[in-house]
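Please consider the structure shown below.

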Amino acid sequence: MKFRRKAVNVVQFEPRIWVKKAVGSLSLLCALLLALTSAASASAFQAVVSSSGSFSAGTVQLEGTTAGSVNCYSTGSGAGGSVTASNTQPCSNGSPIPTGQLTSGVSSTATTTLSSVGSVNATSATVASSSCGVAELADSASATDWSGTGPNTALAFGGLTYQAAGPLSSKAITLDGSTGWAESTVEYTNPEAFTVLAWFKTTSAQGAVMGFSNSQDPVASSPSSYDRALWIDPAGKLDWGIYNGTTDELTSPSVVDTGSWVFAAASVGSAGTALYVNGTKVAFATGVTSSQSYSGWWSAGYAYLTLWPDIPASYYFAGSLAQLAVVPSQLTAAQVTALNGDSTLSTYTAGVNALSPASYWPLNDSGAVPYEGSVPGAGASATLVDASGNANAGTAEGGVSLAATGPAALGTSAAVTLNGSTGYVETASSYANPQVFSLVAWFKTTSLSGGTVMGFSNVQGNGAAINYDRILWLDNSGKLVFGIYNGTEAEVTSTSSYNNGAWHMVVAELSASGEQLWVDGTLVATNASGTPAQSYSGYWHLGWDYFTAYWPDEPTNSYLAGALSEAAVVSSQLTASQISSLYNAGSAAAFALVMGQLAPASYWPLQDSASNICGTTEVTLQETLGASNTCIYPPEPVGTACPALSSGYLLTGLGSRSSSIVATSGSPVTVTIKMKLSATSASGVARLHMLPGLAFGTQYSSTPWSAGISYPNASVEL
Amino acid sequence: MHRVSRHKGALVASLAAVAALGMTASSTLGGFSAGINNSTSTFSSATIQLEEGNGGSTCYSTGSGSGGPVTATNTNTTCTINALVGTLDQVPGGTALSTTLTFTNAGNHNATVASLVTGACTQATASDANSYAGSDTSFCNKVDVTVANTTTGATDKCVYPTQAGTCPALSNTYNLTSFASTTFNAVPLSVLAAGASATYVVTTQLDSGVATNADQGLTATVPFTWSISQ
């Protein structure tokens, strides 16, 4: 018996030694050594078999191939690679939408091939229009000189491309000399006593670096007042023109169309007018100290120059521009020389910023950031798109502002802001007695008097309601409350407060098992007795709902003072995994893909532009698998091709749509997108760079496994 | 003498010694004599041998096949039976993988000790992943596992998690990380008498609640060492 106990002890003891020492891939070897050691040291008969067990996961991966055989993968720019939790990546190259300029007469077409490149075939697919706007050239300053209001974002037109090599290792835009230019969005009242700063490079004796006129779009509509222009004359020299009853013009003594970067500064003020090239004052006049008085907009790469002396054959600049700025003071020669002496981008940038510029366009833009503010000629929009495809669009009422900055967790994302007193969103469609659903929304507030995130009442507007429950609100302490009425007011309340000014994602769920409240992906409160809700038909509201004092935690203010983004009603109780996928989506595009897979009853991304710019484009989207064509937008039965383009199928209606047309191994899906300009679109939007923000995704069953690619760079000229 | 003549093959020294004894006895006692030679005496050792099978493959502790020379370690480190089945391309919440392992004491001596030692769980890129490897570094945590002792008459039915009853349903409470680097001894394992067999069912699944896209294209590996001894 002693001998036997010794054998047992050896078997028990040695593994403990091994456990401590086994590391990484040596573990198997260690285990085998253990077996050998055990047998040898036990001095007893022993038989041992040893092997390894392995468990392997598959992969769900998506490859998109756009025109020119440009490939993009859900893991990033190349095949293979690390698979992240969201498994959705933006494609830096390629475009699934037509290139060139859209016309209202003929449709343009682009095709994309979607291939399953993982080891597991997905079971469903989604296409999402996650955002829409026009490409912006950001103004890093937000001064209010000359009655300007905030950043003077510029908009790209025509043959303007991004990310060329600039001076001081910066980036630059490149203009084609025939169609490319940029207009600014902020109107200024008679800029005086200022200095224009610009870096340019050209070999063409044509075009304006900058100009100012009383037409925001001097290409489409000739201005009646125009001066403060810096251009390349037919001799290749740099001209600076100020109109003060006469055309006062300074001209550089040397040519500047040498193909090298030139640093130019031009000013007007009490010291007169001055023109500097590469830090040296090359021309000046003391008799002209002010310009013509009018309100107008700055333009870059184009200026209206008719009747000026020494005008070039083309007003379009051909070459590269970088680091444009307007400083609201007349710089001295020493200041200009100092700027010219900055040898790095950071010191130059600091030098310009130290001058408190009214506008400063670094022109290092990617061309992929949508400007969602008001666009001239596009018309204002108060419609908040329902991307579910169920036509339950929202309407911004009262103090609602569109195109605010959305949650940083979703990358470049937009939101609506609500003023807390009149602003709310009413929706179009009535729903009969929803009993199983999940409300989803990102919100941000610092309110100390509460406010509604979403609610449901029998009145479409913001009048007194007879029936009102299914309300998700913040109480006065900032705690989230979800309440239903089942004969009594049944609430579920978070223990923490969320009125801290940070973005939070809230999910409120109702089902036969009661109420659940999730915040930032975590279940924070439940109420099993909180079901069913009161039976009535009603409308969903965002940012407001009708309240009475019957609710135990009624907020002082039923209007939300804050911001909302990515709101939805899903007709199911979302699982922890689904909520996690939404919360960790990482981008607006990925969020839209995930939400699309959930087949929401209503989905308001709240990414809407303040202008109706994306309502100017007609679109259809068709998917082809084998020989079968299926129209995804407008939705048609499987096997039915898309109808002809019409004003009934606008880009604003594309939304986020699920599809059973799924690429499987060896059987890719071809996506065909047709577009044309709406016949009713204004001439002022022509040649703007529109960014439709399209994304494609696939998913395996109802698991968290999905793959997506998005095309933030995809743009088309209107 | 007659008996001596029948053993002509005996050593010469022995023959001479016996003859000398006979002469001496004859000369001294002058009577009959008798002797016993235990010429068939043997001493034989028993065998304890372990055979593992999964219905398709069989593995023996001696090495390549049934029988064969028994080395001092009597350990086969080259078994290819995959205790976790090894089927590629598992998905979250997919059909659970299950394999039945049968262990037989193919020797003629009863074992009194049985053990299962699991090594550390390691992860690597799956063989068919085409370089798509999830970024999760805790894939082993995401694989649910149970090991049931289904031997008829077994006292304890669940090896992992160790409990008297049958194994619980798969859940993330019991995963490859917590299963790994563990020694399981006679209870709940079945100690094998000579010729007796025991069966174990290993069940695994990629957990649907905790696995994310970052768990795609990964393989988890756990060494299994099964032994019986005297």
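Which residue is the bridge partner of A:Tyr431 in E40(A)? The partner is A:Gly538. This is a predicted model, in which local features need pLDDT of at least 70, side-chain atom pairs count only at pLDDT 80 or more, and totals for chains, interfaces and linings use all residues. Residues are numbered from 1 along each chain as its sequence is written, while chains are lettered from A and ligands numbered from 1 in the order in which they are written.

Strands (E, at least two residues) and helices (H or I, at least four) are DSSP runs, numbered from the N terminus. Strand E40 (residues 537-542) of chain A is largely enclosed by the rest of the structure, because 5 of its 6 residues are buried; a residue is buried if 20 or more other C-beta atoms, placed from the backbone, lie within 10 Å of its own. Two strands pair if DSSP finds at least two bridges between them. Strand E31 (residues 431-432) of chain A pairs with E40(A) in the antiparallel sense over 2 bridges. Strand E33 (residues 451-457) of chain A is joined to E40(A) by 4 bridges, also antiparallel, and A:Met454 stands opposite A:Leu542.

Chain B contributes 71 residues and chain A 59 residues to their contact, where contact requires C-beta atoms, placed from the backbone, within 7 Å. On the side of chain B, the largest share, 12 residues, comes from E12(B).

Technical notes:
Two residues are in contact if their C-beta atoms, placed from the backbone, lie within 7 Å. A residue is buried if 20 or more other C-beta atoms lie within 10 Å of its own, exposed if 12 or fewer, and partly exposed in between; C-beta atoms are placed from the backbone.
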